[in-house]
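Visitor: I have just opened this entry and would like a short tour. Could we begin with the pocket?

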Amino acid sequence: VCVSEVVQAELAAAYPGAAGRLKLLPLGVELERFHPRERARAGAQLRALLAAKPKRAKGKGPAPAASGPSGPVLTLAGRSLELKGLPQLLRALAGLAERPWQLVVAGARDQKLARSLARKAGLHERVHVFPHVDPV
């Protein structure tokens with residue numbers, strides 16, 4: 001998939017055998033699916049998911065769900081947490097503990113590592129790890 005005609009031409013020149021399989025998809029984004037009008041719906045859906053996600057208190061079983069996160073919901077999506085900078089992000093967010101925010105980590109190859117890093121940073125109540133979240 002090529003994001004521009006220039007990229008398509010460069011790849012066709014570099015890999016002539018693949019030229020017939022190159023597809024042009026300007027912007028590389030499904031404009032209808034990611035239209036700005038979808039933000040409110042998708043944001044409300046994600047916030048509801050976060051509110052419904054059970055929290056576990058030590059030795060007390062699941063805690064009741066909150067009414068939903070306040071403040072910004074930050075996201076980090078990727079397979080490799082180290083390459084994406086999760087440890088650095090958690091250090092930075094630890095400095096913002098007085099402010100409302102939630103972090104969604106999605107698609108991590110090692111979800112236990114994500115949870116462990118959040119716990120070590122003292123942010124486990126505000127970091128939500130999912131195998132997948134709809135990118136909208």
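Visitor: Which element gives the most to the lining of the largest pocket?
Guide: This is a predicted model. Helix H2 gives the most to that lining, with 8 residues.

Visitor: How many residues line the largest pocket, and which lie nearest its centre?
Guide: The lining consists of 17 residues. Those nearest the centre are Leu 46, Val 133, Asp 134, Pro 135 and Val 136.

Visitor: What volume does the largest pocket have?
Guide: The volume of the largest pocket is about 460 Å³.

Visitor: How do the lining residues divide into nonpolar, polar and charged?
Guide: In the lining of the largest pocket, 10 residues are nonpolar, 3 are polar and 4 are charged.

Visitor: Back to H2 for a moment. What does Glu 38 touch?
Guide: Glu 38 belongs to helix H2. Apart from residues up to four places away in sequence, Glu 38 touches Glu 32, Arg 33 and Val 136.

Visitor: How many residues apart in sequence are Glu 38 and Val 136?
Guide: They are 98 residues apart in sequence, while their C-alpha atoms are 7.3 Å apart in space. Val 136 is also one of the residues nearest the centre of the largest pocket.

Visitor: Let us step back. What pattern does the protein chain follow along the sequence?
Guide: The chain contains 5 helices and 5 strands. Read along the sequence, their pattern is α-α-β-β-β-α-α-β-α-β.

Visitor: What share of the contacts joins residues 24 or more positions apart?
Guide: Among contacts in the protein chain with a separation of 6 or more, such pairs account for 60%.

Visitor: How many residues does the chain have, and what percentage count as buried?
Guide: The protein chain has 136 residues, and 25% of them count as buried.

Visitor: Which residues of helix H4 are buried?
Guide: In H4, which spans residues 86–94, the buried residues are Leu 86, Leu 90 and Leu 93. These three lie on the same side of H4, because they cover an arc of only 65° around the axis.

Visitor: What covers them?
Guide: The cover of the buried residues of H4 includes strand S3 (73–77), helix H3 (81–84), strand S4 (102–106), helix H5 (111–120) and strand S5 (127–130).

Visitor: Take H5, then. Is Ala 114 buried or exposed?
Guide: Ala 114, which is located in helix H5, counts as buried because its relative accessibility is 1%, and the cut-off for buried is under 20%. Beyond its neighbours within four places in sequence, Ala 114 is in contact with Leu 81, Leu 86, Val 105 and Val 129.

Visitor: And His 128, buried or exposed?
Guide: His 128 is part of strand S5. With a relative accessibility of 1%, His 128 counts as buried. From Ala 114 to His 128, 14 residues apart along the chain, the C-alpha separation is 9.0 Å.

Visitor: One last topic. Where is confidence lowest, and where is it highest?
Guide: Confidence is lowest in strand S2 (residues 61–63), with a mean pLDDT of 35, and highest in H4, at 96. The average for the protein chain is 85, and 88% of the residues score at least 70.

Visitor: Over which residues does pLDDT stay under 50?
Guide: That holds over residues 56–67, for which the model has 11 contacts beyond four places in sequence.

Methods: Residues are numbered from 1 along each chain as its sequence is written. This is a predicted model: local features need pLDDT of at least 70, side-chain atom pairs count only at pLDDT 80 or more; totals for chains, interfaces and linings use all residues. Side-chain values use heavy atoms; hydrogens and water are left out. Buried means under 20% relative accessible area, exposed over 50%, partly exposed in between (1.4 Å probe, protein chains only). Helices (H or I, at least four residues) and strands (E, at least two) are DSSP runs, numbered from the N terminus. The arc is that of the directions from the helix axis to the C-beta atoms. Contact means heavy atoms within 4.5 Å. On a 1 Å grid over the protein atoms alone, a cavity is a set of points where a 1.4 Å probe fits but cannot get out, and a pocket is an open set with protein on both sides within 12 Å along at least five of seven lines; lining residues have an atom within 4 Å of a point. Grid points are joined across faces, edges and corners, and a volume is the space filled by probe spheres set on the points. Ala, Val, Leu, Ile, Met, Phe, Trp, Tyr, Cys and Pro count as nonpolar, Asp, Glu, Lys and Arg as charged, and the others, Gly among them, as polar. pLDDT is the predictor's confidence in each residue, from 0 to 100.
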